[in-house]
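Subject: Structure handover

Dear colleague,

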Amino acid sequence: MSEPAIVILDTNALLDWRVFKDPAAHPLAAQLAAGTMRWIACPSMQTEWHHVWPRSVFERWQPDPALTTTVFEHAQMVDEPPRGPLKCKDPDDQVFIDLALHLNAQWLFTKDAALLKLAKRARLRGTQVLSLQQWVASA
């Protein structure tokens with residue numbers, strides 16, 4: 001049996017999956033449940049989630065207070081990654097590309113423009129940086 005593919009989810013992808021229930025996240029959720037994918041995260045990703053999620057723009061999606069504590073229940077938590085070879089223009093998003101490259105993740109799912117700008121260089125290192133919607137469309 002082969003090892004499950006490693007995926008990294010940035011905060012936007014996590015919002016699409018757990019908050020907005022975007023249909024593009026359904027295959028991700030199914031593969032995580034089946035064990036064919038493994039979502040890896042680190043503490044600073046949780047910290048970013050806790051900074052973003054309470055913003056007033058998300059108020060209408062917050063009827064479920066448990067989401068604050070359960071959103072990472074499907075993630076395998078690891079230590080912070082070392083600084084990687086690619087630099088993200090948004091320092092808050094640096095950890096996502098660092099972890100993806102450090103773990104040789106197959107995918108980093110994001111909608112963030114600063115991370116998407118690194119897609120070509122990340123692909124040369126074995127990690128695809130794309131949105132969940134692009135991933136589903138390419139399947």
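**Aromatic contacts and cavity**

W107 and W135 are both buried (under 20% relative accessible area, with a 1.4 Å probe and protein chains only). The model is predicted: local features need pLDDT of at least 70 and side-chain atom pairs count only at pLDDT 80 or more, while totals for chains, interfaces and linings use all residues. Residues are numbered from 1 along each chain as its sequence is written, and side-chain values use heavy atoms, without hydrogens or water.

There are 5 aromatic pairs, counted where ring centres of Phe, Tyr or Trp (its six-membered ring) lie within 6.5 Å. One of them joins W107 and W135 edge-to-face (planes over 60 degrees apart), at 5.7 Å between centres and 65° between planes. This pair links distant parts of the chain, 28 residues apart: W107 is in strand β4 (107–109) and W135 in helix α8 (132–138). Helices (H or I, at least four residues) and strands (E, at least two) are DSSP runs numbered from the N terminus.

W17, W39 and F72 make up one aromatic cluster. R18 sits over the face of W17, 5.3 Å from the ring centre (the rule is CZ of Arg within 6 Å of the centre and within 35 degrees of the ring normal).

The whole structure holds 1 cavity of 30 Å³ or more, a cavity being a set of 1 Å grid points where a 1.4 Å probe fits but cannot get out. The largest cavity has a volume of about 40 Å³, taken as the space filled by probe spheres set on the points. Its lining (residues with an atom within 4 Å of a point) includes W39 and F72.

Regards

Terms used:
Phe/Tyr/Trp six-rings, centres within 6.5 Å; stacked < 30°, edge-to-face > 60°. Buried < 20%, exposed > 50% of the residue type's maximum accessible area, 1.4 Å probe, protein only. 1 Å grid on protein atoms, 1.4 Å probe; cavity = no way out; pocket = protein on both sides within 12 Å on 5 of 7 lines; lining within 4 Å.
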